[in-house]
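Here is a friendly walk through one model, taking in its backbone and its ligand site. Have a look at the structure first, and then we can go through it together.

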Amino acid sequence: MKKNWKRAGLAVGLSFSLFLAACGNDDDTSTDGESGDNGDSSTAVAESLDYTITGIDAGAGVVARAQEAVETYNLEGYEVQVSSSAAMTSALATAIENEEPIVVTGWNPHWKFAEFDLKYLEDPEGVFGEAEDIHTITRLGLEEDMPEAVEVLGNFFWTEDDMAIIMNDINNGADPAVAAEDWFDANQDKVAEWTDGVATVDGDSISLAFVAWDSEIASTNLMKLVLESVGYEVDISALENSFMWEAIASNEADAMVAAWLPVTHATQWEQFEDRVVDLGPNLEGAAIGLVVPEYMDITSIEDLNN
Ligand code: PBE
């Protein structure tokens, strides 16, 4: 029932807020229509959030954008708390269990939208960009060294729904390699689109870099199997974001399927674009932003100042 959440979330959030309008603030004792000040100068939302945006790893683009949002929207006193994907989702789960306010750095594809009722906060200043694509990036010279791998990597293209299957499995306790293998076995037609006509190789080693974000754990584990199916020996290593880019740029790793562009990894792209090869999107229609539970009576990043 979550199919179109990425856009529907905003719309639903808007209508929701109409009937939740009276109950969002800690200090709203004035629900009977008498109103001297109707909250304009109050900081009830900010206080209820403890002036905290729950972030993920410091290297993530969405964290950098959230810090920029604090500046752009003048979110006075707010801090983006840096942790990890796993810590963020566990804080989110706890808050939702207790129906407490929380705002997190969020993105889709991500299983949290299937698990919880969430909405993106509107971003009228466009700090988090519009739709993002996830790109496949290789090191310079990989095409000459391993043309078969580059063919497969370049063909790789799937959808949010495809990725969600692996991600949800992992969230439900499956080992990432097993979840990827189940998808691989069940989607041989798609795998064939990426590998058909590609010559097989004999155990050449190729390394994929990634960051341990839920979405990239899914895609990288799958790409490992796809490359293995044409004969490669594939090593995958989890790095911090800028080290992932640096590894490709310095030939320490061969490729990655984890570049979020044009906004999320704009800083890394600017720094490394001359030293890497962009094979284009492997998934379209991704997004990042600030995400809150549906029950919160706010709809826009601007409301965090209330
Ligand atoms: N993410 C997931 C990453 C890209 C993939 C949105 C957390 C980031 O913010 O850099």
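## Backbone features to check

Let's begin with a proline. Pro262 is placed in the loop that runs between strand 8 (255-261) and helix 13 (266-272). The peptide bond that joins Leu261 to Pro262 is cis, with an omega of about 10°. Keep in mind that this is a predicted model, and that the angles here are computed from it.

There is another cis bond to find, from Asn108 to Pro109, where omega is near 5°. Pro109 belongs to the loop between strand 3 (104-108) and helix 5 (112-115). Glu99 deserves a look too: this residue is not a glycine, yet its phi is positive, at about 50°. You will find Glu99 in the loop between helix 4 (85-97) and strand 3. For context, most peptide bonds are trans, and most residues other than glycine have a negative phi.

Now for the ligand, which sits in the largest cavity. Two elements give two or more residues each to the shell around the ligand: helix 3 (61-72) and helix 11 (214-229). The surrounding residues are Ile56, Ala60, Gly61, Val62, Trp107, Trp213, Ser215, Glu216, Trp260, Thr264, His265 and Ile288. Sorted by class, the shell holds seven nonpolar, four polar and one charged residues.

Where does the ligand lie relative to domain 1 and domain 2? Domain 1 (49-130 + 290-305) and domain 2 (133-284) both contribute residues to the shell, so the ligand lies between them.

## Polar contacts and burial

From a side chain, an N or O atom of His265 is 2.7 Å from an oxygen atom of the ligand.

As for exposure, the ligand taken alone exposes 280 Å², and the protein buries 100% of that.

Note on methods. Residues numbered from 1 in each chain as written. Predicted model: local features only at pLDDT ≥ 70, side-chain atom pairs only at ≥ 80, totals over all residues. Heavy atoms only, no water. Near = heavy atom within 4 Å. Polar contact = N/O pair within 3.5 Å; in protein donor to acceptor, adjacent residues only side chain to side chain. Areas by Shrake-Rupley, 256 points an atom, 1.4 Å probe, with all protein chains shown as cover. 1 Å grid on protein atoms, 1.4 Å probe; cavity = no way out; pocket = protein on both sides within 12 Å on 5 of 7 lines; lining within 4 Å. Sits in = over half its atoms within 2 Å of the grid points. Helix = DSSP H or I, 4+ residues; strand = E, 2+ residues; numbered from the N terminus. Nonpolar A, V, L, I, M, F, W, Y, C, P; charged D, E, K, R; others polar. Domains from an automatic or database assignment.
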